[in-house]
Every structure is written in C-alpha cells, then in structure tokens.
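Please read it alongside the structure shown below.

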Amino acid sequence: SIEIVLVFLAKNFQFLRFYPNESIFSILLAGQLLLVIPYLKQFYKGKSSNKIFPYIFIAFCYLILFCTKGRAGILGFTVGLFFLNYHFFKSKISVLIIGLTASCLMLALINIKSDSSSGRLLIYKVVYTQLEPKELIFGIGYGNFRTQYNQLQAAYFSKHSINSDEALLAGNTIYMFNDPLQLVIEIGLLGLVILIIAAIQFFSYLRQDYLLFDENPLLFGAYLSIVCIVVSSFFSFPFQMIGILIHFVLCIAVIASYHQKESSKQQFLNENKYQVIGKITLLVTSICLLFFGYQSFLFYQKANETVLLSNTGFRKKAINNYCELYNDFIKDGDLMYNYADELTKVNQLDSAIIVLNETMKYRYDDKCALLMGNLLLEKKQFSEAEKQFIQVVYLDPKLFGNRQVLFQFYYEAKQWNKALYWGNSILNLKVKIPSKTVENIKIETKRRLIEIQTLEK
C-alpha cells in the first residue's frame, strides 16, 4: 500500500520516483499481490459465506494492474493465478481452457500498445541482423547492451529507410524488454546454460514442495511471485530494478528456508572446510555489497545536490562537484554527460571532449552524439562534426529536431544539395506526436528551403 501511494505521489514529487514508469512497477505489485493470495485462499477455505471474497480481491487486483497499464505485470499475474490452481492441470480440458485464455489475454494486451509491441520486435530484429555470429555465441559483454544497442540501431538505419514506419518505432533504448534474452545476448551461450540450470533447479524444488502448498501459504506465495516475475521478465526488465530484485531474492530465501533440514548452528558444525570457506566468502561479499550500497547512497545524494547547484546558477561549485564524482569508482553515464555539458558551457572544450568520450562507454544516445558534434564544430573539425550529426539522425530517426541539426549544419556550410535533401526529409517525415515545436521546425525549414532555391537561381 505504501509503495502504491509513493508511485502516485512520484508524479508530482520526483525524489519519490523509484521506477521509470508505472508499467514496470506493476510487475512488483503483481508479485506482492500473489504473495498474499494463498493466505486468503487458506483463510476463507471452508467458509461458505465468504467464499466470494477471494474472487472480489482478485478482481480488485486486476483493476489496479490495468490502471498501471503494465502488460507484463498483468500477464505474470494471470499465469500466477493459473499456477495458484495447479490442480486444474490434471484435466486436459482445463489445460486447453487455460491455454486459450492466456493466448487471448496476450493478444489483447499486445493490441493495447501495438506500437510498443512493434518496437520490441524492432529491437530483436536489430540485434539479430547487426550482431556478428561470434558475438551471438560469446556475447557482447555483461552490462554492455545499454551502450551498444543504440550503436547497432544507428548502423541498421544507415542501411535502411529512415522515413519508414519502422523508423517511427526507434528510440534511445537501454533495455531489451526481455531479461533472459538480454542475458544471453550479453554473455552468450554461457547465459543460456545459466538459465537452463536455474530452470532445472526451480522445477526440482517445485516437484518436492507442491504437496506442501496447502499447509504453507508463505511458501506457495513465494513460488507464485517467482513465477510472476519470471514470466514478466520475457516482456520487460524486472531483473534490472532493485526493488523487484529485493522481492525476488526474498522469495528465493523463503523457498530455501523450507529445504533447511537442520538448525543453522548444527548445520554449520557438520559442514566441511570448503563449505565453511564458501559461506565466509558469501558473508564477506555481503559486507562489501552493503559498503557499496552505502557509498552509492552518498554518491547519488551528492549528485542530486550538484544538479541543484547547476540549475540555480552555481556553475563553478557544480563543476567542482562533478569533477569529484567523475573520479569516483562509481560510474554513472547520465552524471558524466551532465559534467561534459557543464564544461561546454564554460568553454572548456578539450576537457569536455575527454569527459564525453569516457561517457560514451556508459551511455550512448543522440544527445551524446549531438554534444560531441557541437564540440567538434567549435573546434573547427567539420568532417568529424558532420559524422556525429549524421549519427544523431540514425540514432533516433523519428525526431524532427535531430534532422534539423543536420539540415542546419549543411545550411550554414552552404552545402546546398545536402541541405535540400535533409530539408525535404524533414518536411516528408511523418508526425508521430503533433506539437508546436514540430510545426515551428517545419515552418523554419520551408523558409530556408525557399531561400536556398532562390540562391541557386
């Protein structure tokens, strides 16, 4: 309940925003609701007068989840409900009905946000067509998807039409919206092996525990939550959200506790030296993680203060803070970009280029390419600046502003043929979201195209 309140308050208070959108929050919400439902099922079991209450509660859950518009959460919650009534699977007819229901629900959810679904298919297409076979086998490196995908997308649109409906689906993407597949893309076949082993272990525990579900609602709820989050992960990125990860690990701990047959003290005494070393290693790792978490808290607390200093005009103090944060062992691409931007504003161009080159190892999008292009233009490196401005367009071809930057570059360089090409490209681009900014860009582009045609005559 507290989390729901925080999510709605976050619309007006940014410091309460712990999730990028309500859709990803719906996965955590669905998992927590499924953790509670077995208790309700057990509590109202045998009470004929209150048998309808669990169904009212489930309907209320769906109402909340549909308000979040989180398709992955809704689908995960539905699969969890099927799992809740696992005894239905003994009947072939029930299995058929459940399968049809799940299929119809999936089709309905896809149609709710058809552009979003098509956009995810574009991500899969770009990854499959642009990665080398070697990269598909060995991976692109753990955590590298967020920096490499936009480069792959730019390479894709450099060879395909940027005026197509497909180009309207492109954007600055840091998630694959499929956590298991993203893991395989990042670490290759090793990721697939890890997923298979994890699945085998999960079903092994499930086979041992399912007879205990009626007597242990907490154990049952933990399994339901895990099923929900794992199903959702094929359509979103729950394993990259710390709040959902905490809940997931809690559920694993609940399941593990039911498989601990001896007391902790007795179990420790009976273990061999290798098991003891393993547990001490885990303890030390946990302490290190706590230290890292504390350092991260201090880091982002100072980062927020620095952003506030920058916004209120204390630029010198902000730059000093950014410099300290930049040299910290924690690396944040957004913060590094802000540092490069601040250095640009005070005309420290060489330092800004160095920082921005380092930033692109952790964040690469059209804003980074645009800033680099402007810096190179200030340094009179026109050919390199041109490459960056072209990259800006290919990184997100649906944005009028990105094309306007390239058009402006050619217009000021008096390269009329290229300016005419990109000016017409702006006028012919489909408007995805109408706005006053788009109208102004089109009006200004038309004016300059007429001026170019006049000059050529």
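1. In this predicted model, helices α8 and α19 lie roughly perpendicular to each other, because their packing angle of about 95° falls in the range of 65 to 115 degrees that counts as such. The axes of α8 (residues 145-157) and α19 (residues 382-395) are 8 Å apart.

2. On the α8 side, this contact is formed by Asn150, Gln151, Gln153, Ala154 and Phe157, which meet Gln391, Tyr394 and Leu395 of α19. Sorted by class, the residues of the contact of α8 with α19 comprise four nonpolar and four polar ones, with no charged residue.

3. Which residues bring α2 and α12 together? From α2 they are Ile24, Ile27, Leu28, Gly31, Gln32 and Leu35, and from α12 they are Gly243, Ile244 and His247. In the contact of α2 with α12, five residues are nonpolar and four are polar, while no charged residue takes part.

4. As for the chain as a whole, it has 22 helices and zero strands, and of its 457 residues 40% count as buried. Among contacts in the protein chain with a separation of 6 or more, 65% are between residues 24 or more positions apart. The accessible surface of the protein chain comes to about 26,300 Å², and carbon and sulfur atoms account for 63% of that surface.

Methods: Residues numbered from 1 in each chain as written. Predicted model: local features only at pLDDT ≥ 70, side-chain atom pairs only at ≥ 80, totals over all residues. Heavy atoms only, no water. Contact = heavy atoms within 4.5 Å. Helix = DSSP H or I, 4+ residues; strand = E, 2+ residues; numbered from the N terminus. Nonpolar A, V, L, I, M, F, W, Y, C, P; charged D, E, K, R; others polar. Buried < 20%, exposed > 50% of the residue type's maximum accessible area, 1.4 Å probe, protein only. Areas by Shrake-Rupley, 256 points an atom, 1.4 Å probe, with all protein chains shown as cover. Axes fitted to C-alpha atoms, helices over the stretch in contact; angles between N-to-C directions. Parallel < 35°, antiparallel > 145°, perpendicular 65-115°, else oblique.
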